[in-house]
Amino acid sequence: MIEIAKLSKSFGPHKVLTDINTFFEKGKTNLIIGQSGSGKTVLMKCCTGLVEPDEGQVSFDNRNFSSISEKKRREIRKEMGVLFQGGALFDSLTVEQNVMFPLNMFTDKSMEEKLDRVNFCLQRVNLQNVNQLYPSEISGGMMKRVAIARAISNSPNYLFCDEPNSGLDPKTAEVIDQLISEITLEYGITTVINTHDMNSVLQIGQRINFLYHGQLWWTGDKESILQTDNPELKDFVFSTELTRRLR
Amino acid sequence: MLRTLGEYVLLMFETFKRPDKGPVFRRQLLVEIIGLGIDSISIVAFISVFTGAIIAIQTAYNIDSPLIPLKMVGFTTRQMMILEFSPTVISLILAGKVGSRIASEIGSMRVTEQIDALRVMGVNPANFLILPKITASMLFNPVLIVFSMVVGILGGWVACIVTGLVPSVDFIEGLRGWFEPFTVTYAIIKTLVFAFIIASVSGFLGYNLKGGSVEVGKASTRAVVVSSILIILFDLILTQLLLV
Ligand SMILES: Nc1ncnc2c1ncn2[C@@H]1O[C@H](COP(=O)(O)OP(=O)(O)OP(=O)(O)O)[C@@H](O)[C@H]1O
Ligand SMILES: [Mg+2]
């Protein structure tokens, strides 16, 4: 479980996150939803330590993460898998080397074992015969899937996905959502997903945190979200024709 | 300015840590030796041959007094190559070639969040990215510099023979006269310092870059300018310290 307490962050005069208190449960897909610019990415980066919050605490299974040295953080980070909004694949490495990277750095597995693991991960994101290609040689959606494969290759305990299915077609998006929720359950991962896609919310939203202008406005699950009478959330949820018809 | 210096020192502390994985480091090192070192051999050879030739010809033309023996041409060519040209000018050229490459490579990894990706995996990115580059430069630049000395002197010799300005025997006699081995040590020490400057300053400017792809271009230009200025400054300081 990841706990966030009293977290605030400003960039100069611009207050991006205000007093966030929430938690992300183990073995569940925890969603952070909200409009573009509402602070989802910043909140996730506060959790991974890429952004230093001005105030507040983050802890991983009761291990404090906020007021410890970079060196100690590294130990907790070895248990994290992170999918960046832009993929952030290493462009000097092939797809296979990208996915193998965490294994090379942190395990003593043999080449054969590592290759097995890489192929297993690539298979799970429906990628075959691209092992030897470079990131510049594959499509945007494929990059996203390689990035997911890299994030899960070293069997993380905590998985952070920043918009895992933006830029994908509806079918692949669903496959990815399904995959993430499957491995979350299967391996008991604490998964945090940023999204503004209502399809994903309704499909895998086991615990939903709605951010509105940097404040935690509402929490609930995929059932209760359709019954909400919070005006701002309603506005967000029923902003598309599809969800309006659903109502 | 002081702040930048502080950031630089902090980054170097992060960089000079024991690598997480020996085999991974060695592989990175090899990649950098090829990318930064081997790839520079042809340009170093080209510039050194011609400069050696030019030094020899100019010296030969300027000796019009019969009191100065022609073997001075060989001597001057050797001294110029070893003392100044190979260590300093070649390092300046490497600052242009290698420095811009390091800054833009690391800088583009910064803007595409690849450095952040390394960090959240639990890797020390400074150590992972910059240390192999500094090590490769400090290992291989001395090789390049010695190679440049040899090739440059060879260029001077060939030029003398082809133009007929200095007979080969005279040139070689000058080449072998009054040789102080310390001059080579001095050149190697300078080269090591310059190699460290090039790789660490360029790495720093790429690593601490903020902004988008426009900044990558700026950082790589700045890397060349700053490391060139530092090379010249340290050339003066080291010459004072070591030769005077
Ligand atoms: N490094 C930064 N410096 C200054 N402001 C920033 C920085 N990072 C984010 N912000 C600001 O924080 C706000 C929230 O950004 P964030 O990236 O978290 O949005 P988001 O909810 O992830 O949006 P999207 O759905 O478009 O990805 C934005 O207004 C942005 O301008
Ligand atoms: Mg975002």
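1. Domain 1 of chain A and domain 2 of chain A bury about 1,100 Å² between them. Carbon and sulfur atoms carry 67% of it. Buried area here is the accessible area (1.4 Å probe) that two parts lose on being put together, summed over both. In domain 1 of chain A, the residues that lose the most area to domain 2 of chain A are A:Lys78, A:Ile176 and A:Leu179. Together they make up 35% of what that side buries.

2. On provenance: this is a predicted model, in which local features need pLDDT of at least 70 and side-chain atom pairs count only at pLDDT 80 or more, while totals for chains, interfaces and linings use all residues. Residues are numbered from 1 along each chain as its sequence is written, chains are lettered from A and ligands numbered from 1 in the order in which they are written, and side-chain values use heavy atoms, with hydrogens and water left out.

3. The contact (heavy atoms within 4.5 Å) takes 15 residues from domain 1 of chain A and 12 residues from domain 2 of chain A.

4. The rule finds two salt bridges across the interface of domain 1 of chain A and domain 2 of chain A. A salt bridge is a side-chain nitrogen of Lys or Arg within 4 Å of a carboxyl oxygen of Asp or Glu. A:Arg124 and A:Glu182 meet in a salt bridge through their side chains, at 2.8 Å, N to O. Three residue pairs are in polar contact between domain 1 of chain A and domain 2 of chain A, both residues at pLDDT 80 or more. A polar contact is a pair of N or O atoms within 3.5 Å; within protein, one must be able to donate a hydrogen and the other to accept it, and residues adjacent in sequence count only if both atoms are side-chain atoms.

5. Which elements of domain 1 of chain A each supply at least two residues of the side that touches domain 2 of chain A? They are strand 7 (158–162) and helix 6 (170–187) of chain A. Helices (H or I, at least four residues) and strands (E, at least two) are DSSP runs, numbered from the N terminus. Helix 6 of chain A gives the largest share of that side, eight residues. The residues of that side divide into eight nonpolar, two polar and five charged. Ala, Val, Leu, Ile, Met, Phe, Trp, Tyr, Cys and Pro count as nonpolar, Asp, Glu, Lys and Arg as charged, and the others, Gly among them, as polar.

6. Chain A has an open sheet of four strands in the order 2-1-4-5, with antiparallel pairing. Strand 2 (14–24) and strand 5 (63–64) of chain A stand at the edges, each with a single partner strand, so one side of each has no neighbour in the sheet. Two strands pair if DSSP finds at least two bridges between them. Strand 1 (residues 2–11) and strand 2 of chain A pair in the antiparallel sense over seven bridges. A:Leu7 stands opposite A:Ile20 in strand 2 of chain A. Strands 1 and 2 of chain A form a hairpin with two residues between them. A:Gly12 in the turn has a positive phi of about 60°.

7. A:Lys9 deserves a look. A:Lys9 stands opposite A:Leu17 in strand 2 of chain A. The side chains of A:Lys9 and A:Asp54 also meet in a salt bridge (3.6 Å, N to O). That pair links distant parts of the chain, 45 residues apart. A:Lys9 is in strand 1 of chain A, and A:Asp54 is in the loop between helix 1 (40–48) and strand 4 (55–60) of chain A.

8. Chain B has nine helices and zero strands. Its C-alpha trace spans about 70 × 35 × 35 Å along its principal axes.

9. How much area is buried between chain B and chain A? The value is about 1,900 Å², with 59% from carbon and sulfur atoms. B:Arg119, B:Val120 and B:Met121 supply 35% of the area that chain B buries against chain A, more than any other three residues. Helix 5 (114–121) of chain B is one of the elements that give two or more residues to this side.
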